[in-house]
Amino acid sequence: MSDATLSPAAMADTMPEQLTTADGKPLKQALIRAQSHARRRAFLLVAPLLAFILLTFVMPIGQMLHRSVHNEGFTWHEDVASGERTRIMANLSQWFDQNELGTEPGEAAFAALAADLVVLREVKAAGQAGTRINYERSGSRSMFTKAARRAQRLEAPFKEAIVDLDEDWLDPDLWRVMRDASSSYTANFYLAALDRTKDADGNVTPVNENRQVYVKLFQRTLFLSIVITFMTFILAYPIAHLLATLPLAKSNLLMILVLLPFWTSLLVRTTSWMVLLQSQGVVNDALVSTGILADDNRLEMMYNQAGTLIAMTHILLPFMVLPLYSVMRPINPSYVRAARSLGATSWTAFRRVYFPQTVPGIGAGALLVFILAVGYYITPALVGGADGQLISNLIAFHMQNSLNWSLAAALAALLLGGILLLYWLYDRLVGIDNLKLG
Amino acid sequence: MALPTHASRLERIWHYTYLVICTLIFLFLIAPILVVIPLSFNAEPYFTFTEKMLKLDPTGFSTRWYDLLLTFGMTDPEAPRGWSWWTDTWTNAAWINAAKNSVIIGLFSTVLATGLGTIAALGLSRPEMPGRRIIMAILISPMIVPIIIVATGLFFFYSSIGIQNWGIPYLGVILAHATLGIPFVIITVTATLVGFDHSLTRASASLGADPVTTFMRVQMPLILPGVVSGALFAFVTSFDEVVVVLFVGGLDEQTIPRQMWNGIREQISPAILSVATILVLISIALLTTVELLRRRSERLRGMSPQ
């Protein structure tokens, strides 16, 4: 070994034990400190936005999810004006605690009920309590309002007195529902969202067949989303390929045709489809005037599934074209040329060489379109009619019309669970960083 | 893509079929947007081309629906069109007021989203950012979570904190729209920060600039195109948003999309089409701006088009 080159071992010998910075601190510590300083600074930049999102987005959604398992309709009453909270149905709740499910409600139970009805009348909460029971057993609300109105005049024996008002007070199913409702926390709204209910003995059973709507609607949402995803794929693939193989100057021009819909208001696009697809609309008029269609035989393309399918395919198409394009653009054309020169037909070259390279783009686009389609609200609400509605529309219905907020929250939670699962999958497979907008 | 000279006859046929298919798909994309423009000049209250329109007869066209946008909601639409008529329009016309609300909400939510989003994107693009993946996932999620879930959650949240009693008009809607616009700002700004040369900031620091000066003089000019397109995305998101406004907006907080929504649900009139036409023109202008910005950004960063 010559003097000019030192082996690493020899070098370690000649060096001091610890590397230090200019002011004598060990280098390792200084480095760790500098790194944690840099990490803190990076995090501090993100912190305000993170706090903002947690406050205006994550917390409201968390609060809503809480509502899906928490309903105080049968436990507490809050006065709208004063905000004063009163415990309601306390006596009955106590009776439920002392007696197991399935116990025949005797005089003690009805006495508790009568005492609670007096409270309901005092704080004017009979409607609220009745509504809570009505969610799970229809026809109950009027029983509560009627009984509460006469609560003052009820006298022992209470069982007879109350049953006198309405035979249904003996219904074991009603007592099961009241038992469940007498605690604020319940999973019954999730059961309802899955077309399930409990029988009088507390066993989970499917609801009456003609009232099974939610599972069907989830299935329809999935089905329509899959069809829409597939249609966007079929339409996006050829044009993405064309855009990717044209010279950049031309493809940038054509890209405008993809990006303009992307930038145009959703309501405008939906309105346009209403104009086009109406039975007196442009498409039907054109078909009739060219003689393809008889005037009395106009196509029904609106206010049904066809309307939802066509309009949503159009609206979501750019979300499929863009990922496909960004995957296709860098594909080297010489691969296909090589395949052709080795004797492959153009179909084989496409199938065996080109197509496999575009699969990541298909995956990214399909996942994105599917995620967006599953939660769509506006377009189905406007062009969907009765059978083109998706699960979001039912959530809106329960929020605005039936006012069964806990059920709306339970449906939303199920939808959100599915979406987050897909989102996680998207992040795993594609990476959120690769999300591009034009 | 040109057809090679050695292509077989079948390949030629397929090539032209393919071009026809592509044309049809492009037509499918763009025709529904363009069709509303001529229809909005319909003289009749129909949603289809009348015979007069097809013959290009001038009497088949009119601007009455645009006029309706100005007069609808006015106290005295029949008055002579002078100064007082225009002030009446400006203060009372329903669509004008909706437009004002939309612009106010859009501007404030855009400022909020762009400010917070740009700063956060700077942090996220640093290699030493802890928990980058999960934080990014949270920040992008408003784009993924169905709007009805966001609206439902906000409805309960705002009523529980009583935001309408705080006395700040539009506050709830502005905060919600800022949240919805943030993912777009994050995506566009981080995209411009990819390939950002961090030695530039170090060079600036070594020359004695404090972090704020470095940001304003070195980073900001380079990422500005991304910031502006992010801001435009955020503005469009707010300008087009209807569900949250329906759920949490006060009765007097009418925006253009909300007015359109009501118009479509109740009685769709060609006036909706004239609004749609105006919105299409706005989106064309925005798209052009974003395209120009994107090219500028590529030039600035020395990324020549492939």
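**Figure 1. Salt bridge between A:Arg176 and A:Asp173 in the predicted model.** A:Arg176 and A:Asp173 form a salt bridge whose closest N and O atoms are 3.6 Å apart; the model shown here and in the following views is predicted. The two residues are separated by about one helical turn because they stand three residues apart in helix H8 of chain A. A:Arg176 is buried, with a relative accessible area of 2%, whereas A:Asp173 counts as partly exposed at 23%.

**Figure 2. Salt bridge between A:Asp285 and A:Arg298.** The closest N and O atoms of this salt bridge, formed by A:Asp285 and A:Arg298, lie 2.9 Å apart. A:Asp285 belongs to helix H13 (residues 282-289) of chain A and A:Arg298 to the loop between H13 and helix H14 (305-328) of chain A, so the pair ties together parts that are 13 residues apart in sequence. A:Asp285 and A:Arg298 are both buried.

**Figure 3. Salt bridge joining chain A and chain B through A:Asp427 and B:Arg133.** In this salt bridge between A:Asp427 and B:Arg133, the closest N and O atoms are 3.2 Å apart. A:Asp427 lies in helix H19 (residues 405-429) of chain A and B:Arg133 in helix H7 (residues 132-144) of chain B, so the pair joins two chains. A:Asp427 is buried, with a relative accessible area of 13%; B:Arg133, at 44% relative accessibility, counts as partly exposed.

**Figure 4. Network of salt bridges in chain A.** A:Arg132, A:Glu136, A:Asp173, A:Arg176, A:Asp180 and A:Lys198 are joined into one network by salt bridges that share partners. Over all chains, the structure holds 15 salt bridges.

**Figure 5. Surroundings of A:Thr186.** A:Thr186 is located in the loop between helix H8 (172-181) and helix H9 (188-193) of chain A. With a relative accessible area of 9%, A:Thr186 is buried. A polar atom of its side chain lies 2.9 Å from the backbone nitrogen of A:Asn188. When neighbours within four places in sequence are left aside, A:Thr186 is in contact with A:Ser68, A:Val69 and A:Arg132.

**Figure 6. Interface of chain A and chain B.** The contact draws 89 residues from chain A and 91 residues from chain B. About 8500 Å² is buried between the two chains, and carbon and sulfur atoms give 80% of this area. Two salt bridges are found across the interface; one of them is formed by A:Arg340 and B:Glu11, with the closest N and O atoms 2.9 Å apart. Polar contacts across the interface number 15 residue pairs, both residues being at pLDDT 80 or more. On the side of chain A that touches chain B, helix H2 (residues 27-69) of chain A gives the most, with 22 residues. That side of chain A divides into 63 nonpolar, 17 polar and nine charged residues.

Figure 7. The whole structure contains 28 aromatic pairs over all chains. A:Tyr237 and A:Phe350 form an edge-to-face pair, 6.0 Å centre to centre with 90 degrees between the planes. This pair links distant parts of the chain, 113 residues apart: A:Tyr237 is in helix H10 (residues 214-245) and A:Phe350 in helix H16 (residues 346-374) of chain A. A:Tyr237 counts as buried at 9% relative accessibility, while A:Phe350 is partly exposed at 27%. In chain B, B:Phe235 and B:Phe239 form a stacked pair, 5.4 Å centre to centre with 25 degrees between the planes. Both A:Tyr237 and A:Phe350 belong to one aromatic cluster, which also includes A:Phe230, A:Phe233, A:Trp347, A:Tyr354 and A:Phe355.

Definitions and conventions. Residues numbered from 1 in each chain as written. Chains lettered and ligands numbered in written order. Predicted model: local features only at pLDDT ≥ 70, side-chain atom pairs only at ≥ 80, totals over all residues. Heavy atoms only, no water. Contact = heavy atoms within 4.5 Å. Buried area = accessible area lost by both parts, 1.4 Å probe. Salt bridge = Lys/Arg side-chain N within 4 Å of Asp/Glu carboxyl O. Polar contact = N/O pair within 3.5 Å; in protein donor to acceptor, adjacent residues only side chain to side chain. Helix = DSSP H or I, 4+ residues; strand = E, 2+ residues; numbered from the N terminus. Nonpolar A, V, L, I, M, F, W, Y, C, P; charged D, E, K, R; others polar. Phe/Tyr/Trp six-rings, centres within 6.5 Å; stacked < 30°, edge-to-face > 60°. Buried < 20%, exposed > 50% of the residue type's maximum accessible area, 1.4 Å probe, protein only.
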